[in-house]
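Let us walk through this structure together, one part at a time. Please keep the sequence and the 3D view at hand as you read.

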Amino acid sequence: MQTQERRTYQAVIGLEFHVHLATQTKMFCGCRVTYGEPPNTHTCPVCLGHPGALPVANEKAIELGVMAGLALNCDVSQRAVFARKNYFYPDLPKGYQISQFDEPICTGGYLDVPAGTPDGDETIRVGITRLHLEEDAAKNVHVGTSGRMHGSVGSLVDFNRGGTPLMEIVTEPDIPSPEAARATANYLKDILRAIGVSEADMEKGQLRCDANVSIRNPDGSFGTKTELKNMNSFRFVEKGIAAELARQQEILAGGGRVEQTTLHYDPETDEVHELRSKEFAHDYRYFPEPDLLPLELSRAYVREIGDRMPELPDAMRARFVGRYGLSPYDAGVLAADRELAAFYEEVAAEVDPKQASNWISGDFRALLNESGADLSGSKVTPGHMVELIRLVGNGKVSRSAARTVLAEVFKTGEGPSEVVEREGLGSVEADELDGVVDGVISSNPDEAERVRNGDKKVVGFLMGQVMKATRGNADGGRARELLLQKLSS
Amino acid sequence: MISEEQVRHVASLARLGLTEDEIREMGGQLDAILDSIEKIRELDLADTPPTANPLNLSNVLRPDESRPELTSEEALAPAPDAVDDLFAVPRID
């Protein structure tokens, strides 16, 4: 029997995340952490790297690092030490980055990432190798062809970002596919947001992702890995890794060898490009930072942070399923957004929890997404939502009219009842509806006759006339009932 | 003994351009520093943990509160070159 040559390529992917911590000020100085401010307006001698300026660590950043470690099931170190990572780049004024090396703040955790199956119950376990704290570099504004620049200038630097508290999270190479890599990044974002450790907005650079990508050899050993840098959206994490895997497969299929290298994904061409290797000389000569003292993280301190940690998305989802009878999917949508979940719980305490979920994760979330507004900036209060759901439940407003009401409340912040009153969106009262139905029957005698003769298909047409006459504010069920009753003889 | 090759490597990591004479001179100086450190090995330090800082302190932290910042004029004043309120730095080759 002839054995067909079989090549199965098994991807081996590990991710490295850089996360801006949600502090007011920088890691080692009291300059404010800002986004989109005029360049070099939030600096001081420490974050500009002036000689003699001394760093002091931000206690809130340490606390957020510990909290993230606990959420990722890590061991929090009893002792952690900052170290200098030495390299030269224009965005690094001291000639070293303060980071952590052999004594990071957390080690050895895991993340159970939802695998994206419809029932929402299957997960992929991704190991967390380590989590450490460091400072972000400044921002290089690379020079294009600006006429104002003379030839010797290579880049322009804005130090507002320099020194922003940064948390690095490194996973084990446990991730089996580009899709799973995207799901991992996305789930990490949900967790970090839920516990308030970071806003984790990739567009703002608050969450950045690099990947180590290789293909397992036929004998099961690891192949040569390449490093894929700075994929700046969840979609590009998936697409970039897919493009790099395709490139490696092509090399291997042609009998070639993958070279260890650092690459950059270009979403415009959907291709990866090699970066100049000189920029990433991995000879950082780490040594303990003499300007900072070690961190001693007592068990009591760690326990106290654990006690204060908000509920994780997983636990919240399970609770919403159990307590409110939501489907795992609906519960997951709400649990992924801490503010929305809190809003939901306020509403669900007053009205039917399933109705509340439908309105909040459906119409309300759509309005938020459309406008690009945050929940905190929205004019709709939980009280408004309760009132609206009650109006629908009592038959005072039809569901479709209620949508219009919600959009109006969203726009103006008026109470739902006032909007109903002002816009005349209330359901048509019973006796009024009776008259409308009579009117529709007398002005459409042919159709009415056909219904009397048992042609039920025409009921839809007559219903349409009723809705038109009431501008959609009739209770559909009752209108239909009335029509059939009146035409049953 | 530190080889000339090692001196060149360290110099390139530090972005220092050394002449041949300076490489020999630096090699000698680095040797002297290593010799001094070597002396510590003569002591019995089996029970002494590695120490990076002479202060016997830990957890020296600051609250997450903002402090006065420099204006962009102040920040850029010592810069050899600036364009549009940005530090202009030489091309890296």
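**A walk through the model**

Strands here are DSSP runs of E with at least two residues, helices are runs of H or I with at least four, and both are numbered from the N terminus. Two strands count as paired if DSSP finds at least two bridges between them.

Before going further, please note that this is a predicted model, in which local features need pLDDT of at least 70 and side-chain atom pairs count only at pLDDT 80 or more, while totals for chains, interfaces and linings use all residues. Residues are numbered from 1 along each chain as its sequence is written, and chains are lettered from A and ligands numbered from 1 in the order in which they are written. The pLDDT is the predictor's confidence in each residue, from 0 to 100. Chain A has an average pLDDT of 88, and 92% of its residues score at least 70. Over residues 1–6 of chain A, however, the pLDDT is below 50, and this stretch has zero contacts in the model beyond near neighbours in sequence. Here, two residues are in contact if their C-beta atoms, placed from the backbone, lie within 7 Å.

Now back to our two strands. They belong to an open sheet of nine strands in chain A, with mixed pairing and the order β3-β7-β8-β11-β1-β12-β13-β14-β15. At its edges are β3 (75–76) and β15 (271–274) of chain A, each of which pairs on one side only. Helix α2 (residues 178–194) of chain A packs on the sheet and touches β1, β7 (106–114), β8 (123–135) and β12 of chain A.

Strand β1 (residues 10–20) of chain A has two partners to look at. With strand β12 (residues 207–216) of chain A, β1(A) pairs in the antiparallel sense over 10 bridges, and A:Q10 has A:R216 as its bridge partner.

Strand β5 (residues 82–86) of chain A is joined to β16(A) by two bridges, and A:A83 stands opposite A:P288.

The axes of α1(A) and helix α4 (residues 299–308) of chain A come within 10 Å and cross at roughly 70°. Angles of 65 to 115 degrees count as roughly perpendicular, and α1(A) and α4(A) are therefore roughly perpendicular to each other. In this contact, A:E63, A:V66, A:M67 and A:L70 of α1(A) meet A:V302, A:I305 and A:G306 of α4(A).

Finally, turn to where the chains touch. The contact takes 40 residues from chain A and 31 residues from chain B. On the side of chain A, β10(A) gives the largest share, six residues. Across the two chains, β2(A) and strand β1 (residues 61–62) of chain B pair in the parallel sense over two bridges, with A:A57 opposite B:L61.

How values were computed. Axes fitted to C-alpha atoms, helices over the stretch in contact; angles between N-to-C directions. Parallel < 35°, antiparallel > 145°, perpendicular 65-115°, else oblique.
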